[in-house]
Amino acid sequence: MVAAEGWDYIVAGGGLAGCVVASRLKQYQNSARILLIEAGPDVNGNSDILHFNSLNFIGGKFDWGYKSVPQKIFDGRRIDIPSGRALGGGSTEKWYSGLAPESHGNDGKLQIESPISMNRIYPLADITAQAWEEFGVHKLPGSDFNAGVNIGFGELNENRTQGARQIASLAYPLDGITVLTDTMVGSIIVDKDNKTTGVCLADGTKIHSDQVIVSAGAYRTPQLLMLSGLGPRGTLEKYSIKVKVDIPEIGQNLNDHIMVYLNWKLKDPSKGYALGSSNTIFAEPRFATGAPLSYVASTRMPHADLEAAIAKDERQDRSEPLSSEERGTHISTAQMGLKPTSRGTVTLSSNNPADSPIIDPNYFATEVDKAVWRYSLRKITSFMTGNTTLGRDVIECETPVPGFEPLTAYASDEYLDSRVKAHGMSTFHGCGTCAMGTVVDIDLRVMDVQNLHVVDASVLPISIGAHIQAAVYALAKQAAVIISQGKTA
C-alpha cells in the first residue's frame, strides 16, 4: 500500500482525463508527488483492446456495465450505458500530417487515421460521396471535419496508429506518478472548514493530500461527490450521509447523444458492396485497421421547424443486427443527434461506493429533440432511397426489425417517433452532471469547497456537437495548466 501522507495531488479516476491531467501536472511540477487511483485494471499491455473488432466493449470486462432506469419515453426500455473501467482508454487529439496545417499540428501525442490515410477505400465510398453532392450536402475541404467548419461531409477520423487504438496512459506517460489500479475511492475527505484533505478508499484506508482532483467521469464523479457529503441535501440525508455542502445541481443536467442504426437492402448484393459479401477485398488486412465507415455528414435542421419545436417546449414546464442469412445484402447508416436538449440525472442508489449510481438520461423528452429526429430520419431516407446515385442504383429499401414497416420520406411524426423509441441507444457521451457554472467554477474548483477540482466530461455544461473525447482531452490539458499555476482554494 502507498504512503498515507505527503501527497501533493491525488487524482481519483484514471481514465482519459485523469491520465492526462496527472501526466501534465508532473511535467509542469516535476517535484510534485502525485497519486493516481483507478478502480479498473492496468490494460497497457493488453492487446485485446487495440483493434476495433477485437473486443466487445459493451458489457465486456473493461466496462462498468451500467444500465439506465427504464426510460418512460422509450416505452420502458433500459439502455446500456457503457463506461470504461480501466487505466487509460481511447482518446482523440488532432494530429495531422500534411493536411490543413493552419488548423492542425503534427507534433501531438496522438495520431489520427482515416480510411484514405490507411488506403481503406470501401466499394461504395465514391458512390456515396457523389450521392451526398447530389443531395446538396457538400464535401468539406480536404474531407476534414476538424478544421472549424463541419456542416457537410468528410472522412471518419480515429485515434489509431496503423489501426491500433492509442491509450491515454501510454500516450501521456505516467513516469514518476504513483498509480494504484484495481482500487476504488469511496469518498473525498472534507473537514469541518470545507477543506479537502485527501480520500478514503472503499476499504476504509485514508490517504491524505494537499489537493484532490476527481476525474471519475459523468456517472461516477457525481456519485463520489455525493458519497463525500457534497450534493443535494435530500439525497444525502436519504442515505444517512452527513451533509458537508448542499449543492443541489450535482447529478443534474445529464446529457448524452442518441444514436439510431438503420439497415438498407441492396438491389444487387452480388456487386460486393457490403461486409459479409463474397468480395475478397474485405479480407485484406487494411480493412481491419478501423471502423467500417467511410464518411460522416453533418447537416442543419431548418430554422422554422426548430423554432416551432422550441416554442412548444417553452410552453411546457435499439437496433437489432441482421441475421446471418442477410449478411452481404445490406449496408447500414448511423444517425446521431448531436445537440440534444433533453436533460437527465445521476443519483445514488445507496451509500455503498461499489453500487452503481442510478442513471436516468431522460432521452427524447423535448419537442426539439423529437423534431430534430423526425427531420433526420426523413432526410436519411430521402438520401438513401430518393433521387441520388444510391437511391437510383444501389438501395432497394430500408429493412426494419419485425413489427415495423420500411421508412419512407413521408412517414408520419408518430411513426418516426416510434422508431426512435424502439431503437435509440446511447453513444457513450454522457456529460454535464457537475456542470461549470453550477457545480464548479471556471477554474474547475468545486464551489464552496477548498482544494477540490473536477476534471472530466461531467463539467461540460452544454452538449458538445461532436464526439466528446477531443473536448475532454483539451479540458484535461488546460486543467493541468490552471491547477499547476496555483489557482486553488
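**Entry 1: the pairing of R160.** I looked up R160 in this predicted model and found that its bridge partner in β8 is R165. I then followed the strands around this pair. Strand β7 covers residues 158-161 and is joined to β8 by two bridges, the two strands running antiparallel. I placed both strands in an open sheet of three, with the order β5-β7-β8 and antiparallel pairing. Its edge strands are β5 (112-113) and β8 (164-165), each of which pairs on one side only.

Entry 2: I asked how many bridges pair β10 with β11. Strand β10 (residues 185-190) pairs with β11 over five bridges, in the antiparallel sense. Along this pairing I noted that I189 stands opposite G198 in β11. On to β12 (residues 206-214), I counted three bridges from β11, again with an antiparallel run. Here C200 stands opposite K206 in β12.

I also checked how far β11 is covered. Strand β11 spans residues 196-201, and because five of its six residues are buried, the strand is largely enclosed by the rest of the structure.

**Entry 3: the two hairpins.** The hairpin of β10 and β11 has five residues between the strands, and N194 there takes a positive phi near 60°. I recorded N194 as a residue other than glycine with a positive value, found in the loop between β10 and β11. The hairpin of β11 and β12 has four residues between the strands, and in that hairpin G204 takes a positive phi near 95°.

**Entry 4: S143.** I noted a general point for this entry: most residues other than glycine have a negative phi. S143 is not a glycine, yet its phi is positive, at about 55°. I located S143 in the loop between α2 (125-134) and β6 (152-155). Is S143 buried or exposed? With a relative accessible area of 6%, S143 is buried.

**Entry 5: helix α4.** I looked up the cover of α4 (residues 217-227) and found the helix mostly covered, with ten of its eleven residues buried. Among the buried residues of α4 are A218, Y219, R220, L224, L225 and L227. Just after α4, G229 takes a positive phi of about 90°.

Entry 6: As a general matter, in soluble globular proteins nonpolar side chains tend to be buried together.

I then listed the contacts of L452. Leaving out residues up to four places away in sequence, L452 touches I188, T196, V212, V214, L225, L230, L444, R445 and V446.

Entry 7: I found Y28 in helix α1, which spans residues 16-28. Its relative accessible area is 35%, so Y28 is partly exposed. Which residues does Y28 touch, not counting those up to four places away in sequence? I listed A480, V481 and S484. I also took a distance from Y28 to S83: the two are 55 residues apart in sequence and 30 Å apart in space, C-alpha to C-alpha.

I next looked at how the two helices meet. Two packed helices are described by the angle between their axes and the distance between the axes. The axes of α1 and α10 (residues 469-484) come within 8 Å and cross at roughly 35°. I recorded this crossing of α1 and α10 as right-handed. From α1, the residues L16, A17, V20, V21, R24, L25 and Y28 take part in the meeting, and among their counterparts in α10 are Q469, V472, Y473, A476, A480 and S484.

Entry 8: How many disulfides does the count give? I found zero disulfides. A disulfide is taken as a pair of cysteine sulfur atoms within 2.5 Å. C431 counts as buried at 1% relative accessibility, and C434 counts as buried at 0%.

Definitions and conventions
Residues numbered from 1 in each chain as written. Predicted model: local features only at pLDDT ≥ 70, side-chain atom pairs only at ≥ 80, totals over all residues. Heavy atoms only, no water. Buried < 20%, exposed > 50% of the residue type's maximum accessible area, 1.4 Å probe, protein only. Pairing = 2+ DSSP bridges. Contact = heavy atoms within 4.5 Å. Axes fitted to C-alpha atoms, helices over the stretch in contact; angles between N-to-C directions. Left-handed = near helix turned anticlockwise from the far one by under 90°.
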